Amino acid sequence: MLITAVVITRVTTSDPSRQSGGSGSCVCSQIFRPVCGTDGRTYSNACLLQCRKRCCNPNLEIKHQGNCTGSS
């Protein structure tokens, strides 16, 4: 028997000026499909990058799939 579990991460911000839709949170799976953001940071998946974009950096975009060079 194969059991599959999906872990969900909730990303929140306490800054009301950064909250979208009034909730201030974002729900993403923890499926690891790294993307490199235009801020030079590697995000575990595109959803987490989009959460960061909504809360903190409206100009953030996906630069390319995979890890950013030199990112930790």
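## The Cys 55–Cys 56 disulfide

In this predicted model, Cys 55 and Cys 56 are joined by a disulfide, with an S to S distance of 2.2 Å. The torsion about this S-S bond is about -80°, so the link is left-handed.

The two partners fall into separate accessibility classes. Cys 55 has a relative accessibility of 12% and therefore counts as buried. Cys 56, at 27% relative accessibility, counts as partly exposed.

A search of the whole structure finds 4 disulfides. Counting the bonded cysteines along the protein chain, the pattern is 1-5, 2-4, 3-8, 6-7. A disulfide is a covalent bond between the sulfur atoms of two cysteines.

One of the disulfides joins Cys 26 to Cys 51, with 2.0 Å from S to S. Cys 26 belongs to strand β2 (residues 25-29) and Cys 51 to helix α1 (residues 46-55), so this pair ties together parts that lie 25 residues apart in sequence. The link of Cys 26 and Cys 51 is left-handed, with -90° about the S-S bond. Cys 26 and Cys 51 are both buried.

Another disulfide connects Cys 28 and Cys 47, with an S to S distance of 1.9 Å. This pair links distant parts of the chain, since Cys 28 is in strand β2 and Cys 47 is in helix α1, 19 residues apart. The link of Cys 28 and Cys 47 is left-handed, with -75° about the S-S bond. Cys 28 is buried, having a relative accessible area of 2%, whereas Cys 47 is partly exposed, with a relative accessible area of 28%.

## Val 27 in strand β2

Val 27 also has its place in strand β2. With a relative accessibility of 54%, Val 27 counts as exposed. The C-alpha atoms of Val 27 and Leu 48 are 8.5 Å apart in space, while the two residues are 21 apart in sequence.

Asn 45 is located in the loop between β4 and α1. This residue is buried, with a relative accessible area of 6%. The side chain of Asn 45 reaches the backbone oxygen of Ile 31, at a distance of 3.1 Å.

Leaving aside neighbours within four places in sequence, Asn 45 is in contact with Cys 28, Ser 29, Gln 30, Ile 31, Arg 33 and Val 35. Among these contacts is Cys 28, the cysteine of strand β2 that is linked to Cys 47 in helix α1.

## Secondary structure and the sheet

The protein chain has 1 helix and 5 strands. Read from the N terminus, its elements run β-β-β-β-α-β.

Three of the strands form an open sheet, in the order β4-β3-β5 and with antiparallel pairing. Strands β4 (42-43) and β5 (62-65) stand at the edges, each with a single partner strand, so one side of each is left without a neighbour in the sheet. Strand β3 (residues 35-37) runs antiparallel to β5 and is joined to that strand by 3 bridges. Gly 37 stands opposite Ile 62 in β5. Strands of a sheet pair through backbone hydrogen bonds, either parallel or antiparallel.

## The chain as a whole

The protein chain contains 72 residues, of which 24% count as buried. Its accessible surface comes to about 5100 Å², and 51% of that surface belongs to carbon and sulfur atoms. Among contacts in the protein chain with a separation of 6 or more, 35% are between residues 24 or more positions apart.

## Confidence of the model

The average pLDDT of the protein chain is 78, and 64% of the residues score at least 70. Over residues 12-22, pLDDT stays under 50. For this segment, the model has 12 contacts beyond four places in sequence.

Definitions and conventions: Residues numbered from 1 in each chain as written. Predicted model: local features only at pLDDT ≥ 70, side-chain atom pairs only at ≥ 80, totals over all residues. Heavy atoms only, no water. Pairing = 2+ DSSP bridges. Helix = DSSP H or I, 4+ residues; strand = E, 2+ residues; numbered from the N terminus. Buried < 20%, exposed > 50% of the residue type's maximum accessible area, 1.4 Å probe, protein only. Contact = heavy atoms within 4.5 Å. Areas by Shrake-Rupley, 256 points an atom, 1.4 Å probe, with all protein chains shown as cover. pLDDT = per-residue confidence, 0-100. Disulfide = S-S within 2.5 Å. Polar contact = N/O pair within 3.5 Å; in protein donor to acceptor, adjacent residues only side chain to side chain.
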